[in-house]
Amino acid sequence: MPNAISPWHFKPLDWVLLALCFALFAWLYHRSTVGVNYIWHWHEALDLLFTPRADGSLPYFFQGLFATLRLSLWGIVLAVVVGVGLGLAKFSPSTWLNVPANAFIQLVRNIPPLVFVFIFYFFISNQLIPLLGLENLLRNYSDELNPLQQFFFGPANLWENLASGVLCIGLLSSAYIGEIVRAGLQGVDQGQWEAADSLGMSRWAKYRYVIAPQVLKSITPALAGQTISLVKDTSIVSLISIQEMTFVGTEMANSSGYIFEIWLIVGLVYFLICFGLSMFFRFVEHRSRAGE
């Protein structure tokens, strides 16, 4: 059996790319000190980031960061659940399942994300929430929150924003995940389906123990890319006044005048979140391949 390669192992090309990145940042920093007429205010910008709100609550920047993490977490959950359902429906031979799933996927994939977010946001706010009778819960919730609710859902007065943002980015990404799942299902060898049927396995057991492990192994890289894209797409909902990190960064940069400092910090935080997800999926892919 070949020796397992650690998921944290860096290939020579990885080191070359890292060295080039560091060299580029070093050159940019050098040029900023000798060739750019700009006085950096890193100390003031960092103080601004860590300054609590007037009511003693968390600093504004960290409230935006946590809002981004909540949007990403619930958006990924929604996108995976709906995306798997769409992938199964599109793979199904049933016209009643295949046609609606394909129509939704084609509709979402061929509309610019920003247009989709605007259309869907106003539909949710003006039509869907009153229709479902969720106004009291999302707009007028007055009970005291326990720490678990506060951690996972944030302040009650922003629940409508959270729900709108999660639905927008979750449904947007679900169309792409649906295509990824459909491609993974089609990639399973026909003999695997026939072998499971010949053993008399139920539909659930067949998918759970035979099909799903193979699909997961094959779609992990594509799923990782789409998940990272979803995290970055959370910045789009800042345009509909959802107070996530990009929205907060915009307000802080405009009010303080520390444009470059704030946006460089925001970009660094997004990079760290996405890089962490990339390492996690690399670990998952390594574990799935190690089980071969």
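This is a predicted model: local features need pLDDT of at least 70, side-chain atom pairs count only at pLDDT 80 or more; totals for chains, interfaces and linings use all residues.
# Chat about a helical chain

Reader: OK. How many helices and how many strands are there?
Author: The protein chain has 12 helices and zero strands. Read from the N terminus, the elements run α-α-α-α-α-α-α-α-α-α-α-α.

Reader: What percentage of the residues count as buried?
Author: The protein chain has 292 residues, and 35% of them count as buried.

Reader: And the contacts? What share join residues at least 24 apart?
Author: Take the contacts between residues at least 6 apart in sequence. Of those, 72% join residues at least 24 apart.

Reader: Let's go inside. How many residues are in the largest nonpolar core?
Author: That core has 37 residues. Leu71, Ile211 and Val237 have the most contacts inside it.

Reader: Which elements give two or more residues to this core?
Author: They are H3, helix H4 (95–109), helix H5 (113–131), helix H8 (159–186), H9 and helix H10 (203–233). H8 gives the largest share, 11 residues.

Reader: What about another core? How many residues does it have?
Author: Another core, of 21 residues, lies apart from the largest one. Its members include Met245, Ile265, Tyr270 and Leu277.

Reader: Pick Tyr270. Where is it, and is Tyr270 buried or exposed?
Author: Tyr270 sits in helix H12 (residues 259–290). Its relative accessible area is 12%, so Tyr270 is buried, the cut-off being under 20%.

Reader: Which residues is Tyr270 in contact with?
Author: Leaving out neighbours within four places in sequence, Tyr270 is in contact with Thr68, Val231, Thr234, Ser235, Glu244, Met245 and Thr246. Tyr270 and Thr246 are 24 residues apart in sequence, with 9.7 Å between their C-alpha atoms.

Reader: Now Ser173. Buried or exposed?
Author: Ser173 is buried, with a relative accessible area of 2%. Its place is in helix H8. Leaving aside neighbours within four places in sequence, Ser173 is in contact with Ala79, Gln226 and Leu230.

Reader: Switching to rings. How many aromatic pairs does a search of the whole structure find?
Author: Eight. In one of them, the rings of Phe50 and Phe62 have centres 5.2 Å apart.

Reader: Why is that pair tilted?
Author: The planes of Phe50 and Phe62 stand at 50°, so the pair is tilted. Under 30 degrees would count as stacked, and over 60 as edge-to-face.

Reader: Where do Phe50 and Phe62 lie?
Author: Phe50 is in the loop between helix H2 (42–49) and helix H3 (60–91). Phe62 is in helix H3, and the two are 12 residues apart. Phe50 is exposed at 54% relative accessible area, whereas Phe62 is partly exposed at 22%.

Reader: What about Phe91 and Trp193?
Author: Their ring centres are 5.6 Å apart and their planes are at 25°, so that pair is stacked. Phe91 is in helix H3 and Trp193 in helix H9 (residues 190–198), 102 residues apart. Phe91 is partly exposed, at 26%, while Trp193 counts as buried at 10%.

Reader: Which residues do ring pairs link into a cluster?
Author: Phe50, Phe61 and Phe62.

Reader: Last topic. How much space lies in the second largest pocket?
Author: About 570 Å³. It has 26 lining residues, and Gln63, Phe66, Ala67, Arg70 and Pro155 are the closest to its centre.

Reader: Which element supplies the largest share of that lining?
Author: H3, with 10 residues. H3, helix H7 (147–153) and H8 each supply at least two lining residues.

Technical notes
Residues are numbered from 1 along each chain as its sequence is written. Side-chain values use heavy atoms; hydrogens and water are left out. Rings of Phe, Tyr and Trp (its six-membered ring) pair if their centres lie within 6.5 Å; planes under 30 degrees apart count as stacked, over 60 as edge-to-face and the rest as tilted. Helices (H or I, at least four residues) and strands (E, at least two) are DSSP runs, numbered from the N terminus. Buried means under 20% relative accessible area, exposed over 50%, partly exposed in between (1.4 Å probe, protein chains only). A nonpolar core is a set of buried Ala, Val, Leu, Ile, Met, Phe, Trp, Tyr and Cys residues joined through side-chain atoms within 4.5 Å. Contact means heavy atoms within 4.5 Å. On a 1 Å grid over the protein atoms alone, a cavity is a set of points where a 1.4 Å probe fits but cannot get out, and a pocket is an open set with protein on both sides within 12 Å along at least five of seven lines; lining residues have an atom within 4 Å of a point. Grid points are joined across faces, edges and corners, and a volume is the space filled by probe spheres set on the points.
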